[in-house]
Amino acid sequence: MKNKDLTDKYNKIFESGSGKFFSFNNFPESKLLLDMIVDWNDLRVLEIGCGEGRLAAMINFAGAAHIDAIDFSEEAIRIAQQRIRLKNVCYQVADYREMKGTYDVVVLQGVLEHLDNPFIELKGIIESKLNEGGMVITSSPSFLNPRGYVWMTLQLLFDVPMSLTDLHSLCPFDFEVFAEENDYTLE
């Protein structure tokens with residue numbers, strides 16, 4: 001499976017109600033990402049993979065000057081545009097490569113694991129979309145926990161997928177290696 005194969009799957013997920021597919025509340029994770037920056041005031045933000053737009057709305061209320069919130073699912077963006085109408089947030093179906101300009105912050109909540117080449121893409125995002133001194137904030141599921149060990153065992157023994165949409169399993173040490181190899185600061 002490739003990233004482009006996920007578009008139809010995500011459109012169907014959002015059409016039938018994302019609550020039926022996503023079995024967890026990601027508000028605590030969103031709050032953690034939001035707390036990574038003390039002062040969002042006057043920042044230009046790009047959120048890649050915004051889904052139905054909740055995190056972009058939170059970033060808006062935290063004081064960001066402008067948020068471009070993009071997703072490749074037309075259905076997710078349609079839902080975001082209907083439910084969340086904020087003057088500083090622009091929801092659109094787009095690829096980050098199509099976005100003009102650069103940003104103070106780029107946010108990817110649960111996105112990298114869906115990309116064909118996550119660390120190549122992350123490097124491209126940093127080099128083409130981030131202002132000098134800017135920050136990328138990202139989260140990805142890590143299977144370094146009891147549930148993950150069960151999944152990894154099932155995957156190794158029976159070729160059971162870790163997820164119906166994740167193409168990769170990314171661990172904290174993967175990000176450490178990436179940052180070290182590219183001379184990036186990692187927090």
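Where is the place of Arg83? Arg83 sits in helix α4, which covers residues 74-83. The close-ups below come from a predicted model.

**View 1. The whole protein, before the close-ups.**
This predicted protein has 187 residues. Its secondary structure comes to seven helices and five strands. Along the sequence, these elements follow the pattern α-α-β-α-β-α-β-β-α-β-α-α. Of the residues, 40% count as buried. The accessible surface comes to about 10800 Å². Carbon and sulfur atoms hold 54% of that surface. Now take the contacts with a separation of 6 or more: 69% of them join residues 24 or more positions apart.

Is Arg83 buried or exposed? Arg83 has a relative accessible area of 57%. Exposed means over 50%, so Arg83 counts as exposed. Which residues does Arg83 touch, leaving aside those up to four places away in sequence? Arg83 touches Glu52 and Arg54. Look at the pair Arg83 and Glu52. They are 31 residues apart in sequence. In space, their C-alpha atoms are 8.4 Å apart.

**View 2. Helices α2 and α3.**
Two packed helices are described by the angle between their axes and the distance between the axes. Here the pair is α2, residues 27-34, and α3, residues 54-61. They pack at an angle of about 40 degrees. Their axes are 10 Å apart. The two helices are therefore oblique to each other. Their crossing is right-handed. Which residues of α2 meet α3? They are Phe27, Ser30, Lys31, Leu33 and Leu34. On the α3 side, the partners are Leu55, Met58 and Ile59. By class, the residues of this contact divide into six nonpolar, one polar and one charged. Ser30 is the polar residue, and Lys31 is the charged one.

Where does Asp42 lie? Asp42 is in the loop between α2 (27-34) and β1 (44-48). Its phi is near 70 degrees. That is a positive value in a residue other than glycine. Asp42 has a relative accessible area of 66%. The cut-off for exposed is over 50%, so Asp42 counts as exposed.

**View 3. Helices α5 and α7.**
Helix α5 covers residues 118-129, and helix α7 covers residues 172-182. What is the angle between α5 and α7? They pack at about 50 degrees. Their axes are 12 Å apart. That angle makes α5 oblique to α7. The crossing of α5 and α7 is right-handed. From α5, the residues in the contact are Phe119, Leu122, Lys123 and Ile126. From α7, they are Asp174, Phe175, Phe178 and Asn182. By class, this contact has five nonpolar, one polar and two charged residues.

**View 4. Asp183, after α7.**
Where is Asp183 found? Asp183 is in the segment after α7. Its phi is near 60 degrees. This is a positive value, and the residue is not glycine. Is Asp183 buried or exposed? At 72% relative accessibility, Asp183 counts as exposed.

Note on methods. Residues numbered from 1 in each chain as written. Predicted model: local features only at pLDDT ≥ 70, side-chain atom pairs only at ≥ 80, totals over all residues. Heavy atoms only, no water. Helix = DSSP H or I, 4+ residues; strand = E, 2+ residues; numbered from the N terminus. Buried < 20%, exposed > 50% of the residue type's maximum accessible area, 1.4 Å probe, protein only. Contact = heavy atoms within 4.5 Å. Areas by Shrake-Rupley, 256 points an atom, 1.4 Å probe, with all protein chains shown as cover. Axes fitted to C-alpha atoms, helices over the stretch in contact; angles between N-to-C directions. Parallel < 35°, antiparallel > 145°, perpendicular 65-115°, else oblique. Left-handed = near helix turned anticlockwise from the far one by under 90°.
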